[in-house]
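Let us read a structure together, one feature at a time. Please have the sequence and the model open beside you.

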Amino acid sequence: MTEAILTAEGVSKDFPLPRSLSDRLAGRPARAVHALSGVTLEVRRGETLGIVGESGCGKSTLARCLVRLHEVDGGRVTYGGTDVATLTGAERRAFNRRVQMIFQDPYGSLNPRMTVRQILAEALSVHRMVPTARIPDRIAELLALVRLPSDAADRHPHAFSGGQRQRIGIARALSVEPEVLVADELVSALDVSVQAQVVNLLLELQERLRLTVVFVAHDLRLVRHISHRVAVMYLGKVVEVAPTATLFDDPRHPYTQALLHAAPSLDPGSRSRRAAARGELPSPIAPPPGCPFNTRCPHAFDRCPAEVPFLTSRGPDHVAACHLAAPRFESAR
Ligand SMILES: Nc1ncnc2c1ncn2[C@@H]1O[C@H](COP(=O)(O)OP(=O)(O)OP(=O)(O)O)[C@@H](O)[C@H]1O
């Protein structure tokens, strides 16, 4: 089995809510959005790990914790076995270089006043990736790597289409020779035809450069196409992780089953999305006790609201957090 390069171990992240005057006068305690509650997940060297789940389940928060854009409130994130919260100075800079995030919105992350050459030169110089004299050649190599023409270097981001801007974002991330790319909804804002091109480019780069990729998306078709393994999140928790084919052919968690059932048809023109399960998604401010899915689960029984299910083995490399047919005495992960 491949080594874990990046891990979340019991990671929790809360976002405190502003306390109103009436709350304070009434002595009501401060409340918070529990975006992540005890998330445990490993990212293995050289794999593409897909992370899926309904809007608001904590995918982006987890991605940001993995690259340390958020500090965690509980648990820890490790990189190469070291708690990333303990990294300072040169070690922190090395982590920032080796673990890169690519964002959904290239408008927001590419400086509109800089040319592509300036954007890439800045990334190359900040981390002193190549001698100054080598920068022009390296920029040409990076543009070729993401299949942009060499004259792209002297244009500004607004001169490009959405898909091309995402290629610039990928080139910038690759300029610092990362080990891990965390892509958060990389292609959600793009047209379906362009999505496939950018995802196929990422797939090719992942294999060619032996990158480790965390691919956060709500589009199950894309996740299935690109991922070696898939983690399913619900209300701030990971509820199932399995190799891609296993997850899609033999989902064990009732939430995963509902999510796959509700997925839009494989017709690429169809972007319709149904709710993944009956009933309302509970508020992450007050998640239900026990299994987070118990209020919507068609199989819930008395143990479900009473006891939090841990991830337990369901087959080779396959875990799910569900009391149904869960081996009772298996150790919690
Ligand atoms: N900076 C923040 N401040 C307050 N609440 C936040 C913040 N970031 C996320 N949240 C809340 O945390 C919860 C999880 O959000 P997150 O964006 O991680 O989910 P997501 O699965 O990525 O959703 P989406 O697919 O819509 O991006 C949501 O209830 C969200 O409103």
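The dialogue below looks at helix packing, then at a few arginines.

Q: Before we start, how should I treat this model and its numbering?
A: This is a predicted model, so local features need pLDDT of at least 70, side-chain atom pairs count only at pLDDT 80 or more, and totals for chains, interfaces and linings use all residues. Residues are numbered from 1 along each chain as its sequence is written.

Q: Which residues of helix α5 are buried?
A: A residue is buried if 20 or more other C-beta atoms lie within 10 Å of its own, exposed if 12 or fewer, and partly exposed in between, with C-beta atoms placed from the backbone. Helices (H or I, at least four residues) and strands (E, at least two) are DSSP runs, numbered from the N terminus. In α5, residues 116-126, the buried ones are Val116, Ile119, Leu120, Ala123 and Leu124. They lie on the same side of α5 because they cover an arc of only 130° around the axis, the arc being that of the directions from the helix axis to the C-beta atoms.

Q: What covers the buried residues of α5?
A: The cover includes α6 (135-145) and α7 (162-175).

Q: How do α5 and α7 pack?
A: Two packed helices are described by the angle between their axes and the distance between the axes. Axes are lines fitted to C-alpha atoms, for helices over the stretch in contact, and angles run from 0 to 180 degrees between N-to-C directions. For α5 and α7 the angle is about 25° and the axes are 8 Å apart. The two are therefore roughly parallel to each other (under 35 degrees is roughly parallel, over 145 roughly antiparallel, 65 to 115 roughly perpendicular and the rest oblique).

Q: Which residues of α5 and α7 meet?
A: Two residues are in contact if their C-beta atoms, placed from the backbone, lie within 7 Å. Here Val116, Ile119, Leu120, Ala123 and Leu124 of α5 meet Ile168, Ala171, Arg172 and Ser175 of α7. By class, this contact of α5 with α7 has seven nonpolar, one polar and one charged residues (Ala, Val, Leu, Ile, Met, Phe, Trp, Tyr, Cys and Pro count as nonpolar, Asp, Glu, Lys and Arg as charged, and the others, Gly among them, as polar).

Q: How do α5 and α6 cross?
A: Their axes come within 10 Å and cross at roughly 115°. That makes α5 roughly perpendicular to α6. In this contact, Arg117, Leu120, Ala121 and Leu124 of α5 meet Ile135, Arg138, Ile139 and Leu142 of α6. The residues divide into six nonpolar, no polar and two charged.

Q: Where is Arg155, and what is it in contact with?
A: Arg155 sits in the loop between α6 and α7. Leaving aside neighbours within four places in sequence, Arg155 is in contact with Thr115, Val116 and Phe160. Arg155 and Val116 are 39 residues apart in sequence and 6.1 Å apart in space, C-alpha to C-alpha.

Q: Which phi values deserve a look?
A: Most residues other than glycine have a negative phi. Just after α5, Arg128 takes a positive phi of about 45°. Arg147, in the loop between α6 and α7, has a positive phi of about 60°. Arg147 is exposed, with 12 other C-beta atoms within 10 Å.
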